Amino acid sequence: MRKLAIIGGTGVYDPAFLNNTKTTSIKTPYGDAVYTFGTFMDKEIIFMTRHGANHTIPPHKINYRANIYALKMLDVVAIVATTAVGSLNPDMKPGEMVLVDQLLDFTKSREHTFYDGSPLPVAHVDLTEPYCGTLRKMIAEAAKKEKLPLHKKGTYVCTEGPRFETAGEIKMYAQLGGDVVGMTNAPECPLAREAEIAYTTVSLVTNFAAGISPQNLTHSEVVEAMEKNSEQLKKLLQSVMTT
Ligand code: HPA
């Protein structure tokens, strides 16, 4: 049966919004992937926590290939992911959600493709529009229905992490057109395209980025902001799951 998957980022670890949940793991050619199977209003949903249930996997060590391959094996046809992001855009403020539509990939050390010559052949997928337009429309409509504020566009800059950025880097990313910065949408988004799974991300702004924020950044600040605002994200996901 064709299924929807939710990939929960920082602050979205709890599959309690699903019923009849069962957490298990599946073997893939790239390693094991852990997932929770559950239902929501009789729909089968797969939930994955990107950083592990206790946030023990840093962004550069996530096994993105195993996760996306596992979702393909589980008949997932659409992924809605959540990400915590810093904002480079004064109009996108902490606590607000952004339905990003473009991606700038500044990662350095990640296994980022299934098509590396072996076992799959060399191939080059199109990524002109990295995020699925149909899913983005569904999410925008759900936000309208639930009266949740959502920026309908934005460019996601993906950095290698796990450190936060320098003020100089943030200045450069802003000049290049970035709106928000996070550490996980690359290679998650391109791998989903390679696996022919529709993919989109809802980003929640947890802070203004380095040099824009009046104080130095901490991970606990990001987690606290996520906790404070994750209700609206959950409400949005639940509304999307019913459409
Ligand atoms: N930079 C990178 N990743 C992030 C940030 C940030 O400022 N905030 C939340 N995730």
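## The whole chain

Start with everything displayed: 53% of the 243 residues in the protein chain are buried, where buried means under 20% relative accessible area, exposed means over 50%, and partly exposed lies in between (1.4 Å probe, protein chains only). Keep in mind that this is a predicted model, in which local features need pLDDT of at least 70 and side-chain atom pairs count only at pLDDT 80 or more, while totals for chains, interfaces and linings use all residues. Residues are numbered from 1 along each chain as its sequence is written, and side-chain values use heavy atoms, with hydrogens and water left out.

Along its principal axes, the C-alpha trace spans about 50 × 45 × 30 Å.

Now colour by charge: there are 25 positive and 26 negative side chains, with the centres of the two sets 3 Å apart. Lys and Arg count as positive and Asp and Glu as negative, leaving out His and the chain ends; each charge is placed at NZ of Lys, CZ of Arg, CG of Asp or CD of Glu.

## Aromatic stops

Rings of Phe, Tyr and Trp (its six-membered ring) pair if their centres lie within 6.5 Å; planes under 30 degrees apart are stacked, over 60 edge-to-face and the rest tilted. The count here is 6 aromatic pairs. Select Phe17 and Phe47: their ring centres are 5.5 Å apart and the planes sit at 90°, so this pair is edge-to-face. It links distant parts of the chain, with Phe17 in the loop between β1 (3–8) and β2 (19–28) and Phe47 in strand β4 (residues 43–49), 30 residues apart. Phe17 is buried at 9% relative accessibility, and Phe47 is buried at 1%.

Next, pick Tyr30, Tyr69 and Phe114, which form one aromatic cluster.

Which strand holds Val181? Zoom in and you'll see Val181 in β10 (residues 180–182), buried with a relative accessible area of 5%. Its contacts (heavy atoms within 4.5 Å) beyond four places in sequence include Ala84, Gly86, Val157 and Ala209. The C-alpha atoms of Val181 and Gly86 are 5.1 Å apart, although 95 residues separate the two along the chain.

Then go to Thr10, in the loop between β1 and β2, which is also buried, at 9%. Among its contacts beyond four places in sequence are His51, His55 and His219, and Ala84 is another.

Show the backbone around Pro119, in the loop between β7 (102–106) and α2 (133–145): the peptide bond from Ser118 is cis, with omega near 0°. Pro162, in the loop between β9 (155–159) and α3 (167–175), has a cis bond from Gly161, with omega near -5°.

Finish with two positive phi values in residues other than glycine. Asn20, in strand β2, has phi of about 50° and is exposed at 63%. Met41, in the loop between β3 (31–40) and β4, has phi near 50° and is exposed at 57%.

Methods. Helices (H or I, at least four residues) and strands (E, at least two) are DSSP runs, numbered from the N terminus.
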